[in-house]
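Trainee: Please pick one part of this model and walk me through it closely. After that, carry on into whatever else is worth a look.

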Amino acid sequence: MPVLLFLIDTSASMNQRTHLGTTYLDIAKGAVETFMKLRSRDPASRADRYMLVNFEEVPFGIKAGWKESHATLMTELRNLQANGLTSIGQSLRTSFDLLNLNRLVTGIDNYGQGRNPFFLEPAIILAITDGNKLTSTGGVQDELHLPLTTPLPGSELTKEPFRWDQRLFALVLRIPGVSSVEPEPLGGVPSDDSPITPMCEVTGGRSYSVFSQRMLNQCLESLVQKIQSGVVINFEKTGPDPPPLEDAPVEPVKPGPQSWHCCHKLIYVRPNPKTGVPIGHWPIPEAFWPDQNSPTLPPRSAHPHVRFSCVDAEPMVIDKVPFDKYELEPSPLTQFILERNAKYSDLGQPFGYLKASTALNCVNLFVMPYNYPVLLPLLDDLIKVHKFKPTLQWRQSFENYLKTMPPYYIGVICMFSPCLRRFSPGTPVSPTTKNMYNRPG
């Protein structure tokens, strides 16, 4: 069920008139209505939830939240007036807090137990502003700052105010007051240079610098297509680049990091066609080893940092051990993999791999059990060689494997292989194995 939150700039500068005869606030209201009409063409929109926030102080700035109806939102939208300050930092914090209101209760973030991409509540914040200076009761600000304090319990468990399934997009209105005779530039709509742009990009979204009604409509069409079920992940290459392909034309490579070495992109989490709910099995591991003796959990980054290395290998697959597959959003990384038709696995204690699809039209992230290159051969021997009657040597190997993985994986592994339950007691983790876990990042 996607959540679509509209954040409308109601500062006094939104009263400025364009050459169309309308104010920026009028254009913002019309953009929301157009967006909702475009979205209603998709049958999946019946499950959407809409929210409305403006630049007033809490709680007056929340015009339509979790309990308000669609009709209430439309009434509040039409009644908006521009007579305040450009306090976008506080309003963004209010928006994120509103989206995160119930997450600790539902347990969707699964703190300390690994991150499950299939536990998500995808949300898009669409901010519409004029890009003017940020003003508050404390004066004018050059950079966008979100308040650090929040009344929400559990907010200290994530470093950022947003989560990996929440993205911010901004329509920055630059429509002039006098009609221009210059032709509009062709191509895509550029990003804006206002302070909200870095905030958009860090969430996996972007800003749009809108100079005409045509550009605004183009942006709205594009934004409707971005309503996707998915989570944002940081992918970073480690180790050497793969060798050049044989018979491939030699192209000069600029020294230093390449665009595909580090990508901050969405992985699509598709719902099950029968139930409409995403289904998965394996978590992405935490960036720390859980310490059961610690009274608190270290805060995690909103987006997991996944490192991958370039390896020529064919991953092992066992029928009785499921895997999860997620398509990556197009990026320089997916383009590089598709052009090479290469196969990649992750570094260190891997939990999955990146691989081009058979049709070479997308790249998929396969999520497997933690340290699957060790586990899968063990399970293969248990099934085919030992016929589920393991030797003492196999038991010792399996116990050694359990000592090198996060304990929250044990329950999932036993769920799919019940015969393993008698081999996997609450195995303590020795201090020597803690450093083998996924490095913080």
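**A hairpin and beyond**

Mentor: Let's start with strand E14 (residues 352–356) and E15, which pair in the antiparallel sense over five bridges. Pairing here needs DSSP to find at least two bridges between the strands, and the elements themselves are DSSP runs numbered from the N terminus: helices are H or I with at least four residues, strands E with at least two. Before going on, keep in mind that this is a predicted model, where local features need pLDDT of at least 70 and side-chain atom pairs count only at pLDDT 80 or more, while totals for chains, interfaces and linings use all residues. Residues are numbered from 1 along each chain as its sequence is written, and side-chain values use heavy atoms, with hydrogens and water left out.

Back to the hairpin: six residues sit between E14 and E15, and Leu360 in the turn has a positive phi of about 55 degrees. Across the pair, Lys355 stands opposite Asn364 in E15.

E15 (residues 363–367) is mostly covered, with five of its five residues buried; buried means under 20% relative accessible area, exposed over 50% and partly exposed in between, using a 1.4 Å probe and protein chains only. In a regular strand the side chains alternate between the two faces of the sheet. In E15, Val363, Leu365 and Val367 point one way, Asn364 and Phe366 the other way, and all are buried.

Leu333 belongs to helix H7 (residues 332–340) and, at 0% relative accessibility, counts as buried. Leaving aside neighbours within four places in sequence, Leu333 is in contact (heavy atoms within 4.5 Å) with Phe235, Trp260, Cys263, Phe308, Leu328 and Leu354.

Elsewhere there's an open sheet of six strands, ordered E3-E2-E1-E4-E7-E8 with mixed pairing. Its edge strands are E3 (62–64) and E8 (207–210), each pairing on one side only. Strand E1 (residues 3–8) runs parallel to strand E4 (residues 123–129), and six bridges join them.

Two helices lie across strands of that sheet: H1 across E1, E2, E4 and E7, and H6 across E4, E7 and E8. H1 (residues 24–39) and H6 (residues 213–225) pack at an angle of about 40 degrees, with their axes 10 Å apart. That makes H1 oblique to H6: under 35 degrees counts as roughly parallel, over 145 as roughly antiparallel, 65 to 115 as roughly perpendicular and the rest as oblique. The axes are lines fitted to C-alpha atoms, for helices over the stretch in contact, and angles run from 0 to 180 degrees between N-to-C directions. Where they meet, Ile27, Ala31, Thr34, Phe35, Leu38 and Arg39 in H1 touch Leu216, Leu220, Glu221, Leu223 and Val224 in H6. The residues of this contact divide into eight nonpolar, one polar and two charged, where Ala, Val, Leu, Ile, Met, Phe, Trp, Tyr, Cys and Pro count as nonpolar, Asp, Glu, Lys and Arg as charged, and the others, Gly among them, as polar.
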